[in-house]
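Here is a short briefing on one protein chain. Look at the model first, then read the points by topic.

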Amino acid sequence: MTQTAGTSTKQMLSERVHARLREAIMRGEYAPSEALKPQELAQQHQVSLAVVREALVRLVGEGIAVRLPNRGFAVPDFSDRRWQEIAEARRTIEPVMLRMAIERGDVDWEARVRAAHHRLVRTPAYVPDEGEYYSIAWSEAHRVFHRTLLEGCGNPVLLDTSDRLWTAGELARRWSAHRRPDRDGAAEHRRLEEAALARDADTGTEVLAQHLTLTAAGLTSCTNDEQREGL
């Protein structure tokens with residue numbers, strides 16, 4: 001009984017540290033490539049090293065942290081190859097899923113797409129209290145809009161794959177948008193909605209592929225810009 005209670009307490013503490021670290025990284029409180037030092041984090045959160053390490057391992061699994069050989073844990077870097085691999089995977093499957101959705105989706109799907117886009121448009125992308133990155137509410141509205149577009153495909157296996165890729169790329173999306181504020185993402189989302197409701201699969205898949213490409217390109221151009229400036 002005592003061992004069970006101890007395990008439960010450790011799990012609860014790990015969940016708390018994981019949630020706080022995830023939010024801090026997403027809010028930009030840790031810079032790309034910044035070290036995540038278990039001993040310092042354990043002192044900061046007043047928990048054991050084992051609890052912190054468990055939380056960090058979870059973040060690694062989610063793509064929000066990386067584990068470096070003999071160097072512990074860190075926030076990923078802009079130039080991390082994984083971001084481009086995720087983008088490539090999404091460009092490979094999501095336009096296909098959208099085409100299927102446009103061909104298969106019913107009137108209820110159309111209504112959900114319209115409602116999800118309306119929610120996205122009406123949700124503030126930035127909230128002063130939440131830092132310089134996307135607000136939590138907007139991020140969720142953004143996820144729901146993209147998920148709703150693809151749901152019409154009717155294939156749960158493809159949707160599960162898409163969900164995992166979305167989660168893995170969340171940090172990259174925030175970095176890309178933060179460093180490229182001149183991008184008109186609202187117009188891109190509007191074009192996606194219009195193509196879906198018009199049942200224009202060719203335009204919809206083209207817009208989606210470009211939408212995904214621009215996010216990945218934002219990170220690549222950031223890295224190149226910083227190298228030229230000597231940052």
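His-45 sits in helix α2 (residues 38-45). Helices here are DSSP runs of H or I with at least four residues, strands are runs of E with at least two, and both are numbered from the N terminus. This is a predicted model, in which local features need pLDDT of at least 70 and side-chain atom pairs count only at pLDDT 80 or more, while totals for chains, interfaces and linings use all residues. Residues are numbered from 1 along each chain as its sequence is written, and side-chain values use heavy atoms, with hydrogens and water left out.

**His-45**
- Is His-45 buried or exposed? His-45 is buried, because its relative accessible area is 10% and buried means under 20% (exposed is over 50%, partly exposed is in between; 1.4 Å probe, protein chains only).
- His-45 is in contact with Arg-16, Val-17, Arg-20 and Leu-21, leaving aside neighbours within four places in sequence. Contact means heavy atoms within 4.5 Å.

**The whole chain**
- The chain has 10 helices and three strands.
- Along the sequence, the pattern reads α-β-α-α-β-β-α-α-α-α-α-α-α.
- The C-alpha atoms fill a box of roughly 60 × 55 × 35 Å along the principal axes.
- Of the 231 residues, 42% count as buried.
- Among contacts with a separation of 6 or more, 71% join residues 24 or more positions apart.

**The sheet**
- Three strands make an open sheet in the order β1-β3-β2, with antiparallel pairing.
- β1 (35-36) and β2 (66-68) are the edge strands; each has a single partner, so one side of each lacks a neighbour in the sheet.
- β1 pairs with β3 (residues 72-74) over two bridges. Strands pair if DSSP finds at least two bridges between them.
- Ala-35 has Ala-74 in β3 as its bridge partner.

**The nonpolar core**
- The largest nonpolar core holds 54 residues, and Ile-25, Tyr-30, Leu-36, Leu-56 and Trp-175 touch the most other members. Such a core is a set of buried Ala, Val, Leu, Ile, Met, Phe, Trp, Tyr and Cys residues joined through side-chain atoms within 4.5 Å.
- Beyond four places in sequence, Trp-175 touches residues including Pro-32, Phe-78, Trp-83 and Leu-219.

**The cavity**
- The whole structure has one cavity of 30 Å³ or more. On a 1 Å grid over the protein atoms alone, a cavity is a set of points where a 1.4 Å probe fits but cannot get out; a pocket is an open set with protein on both sides within 12 Å along at least five of seven lines; lining residues have an atom within 4 Å of a point.
- The largest cavity contains about 130 Å³ of space. Volume is the space filled by probe spheres set on the points, which are joined across faces, edges and corners.
- Helices α4 (81-104), α8 (170-179) and α10 (201-229) each supply at least two residues of the largest cavity's lining.
- Trp-83, Arg-173 and Leu-219 are among the residues that line the largest cavity.

**The largest pocket**
- The largest pocket has a volume of about 410 Å³.
- Its lining has 22 residues, and Tyr-134, Trp-138, Gly-185, Ala-186 and His-189 lie nearest the centre.
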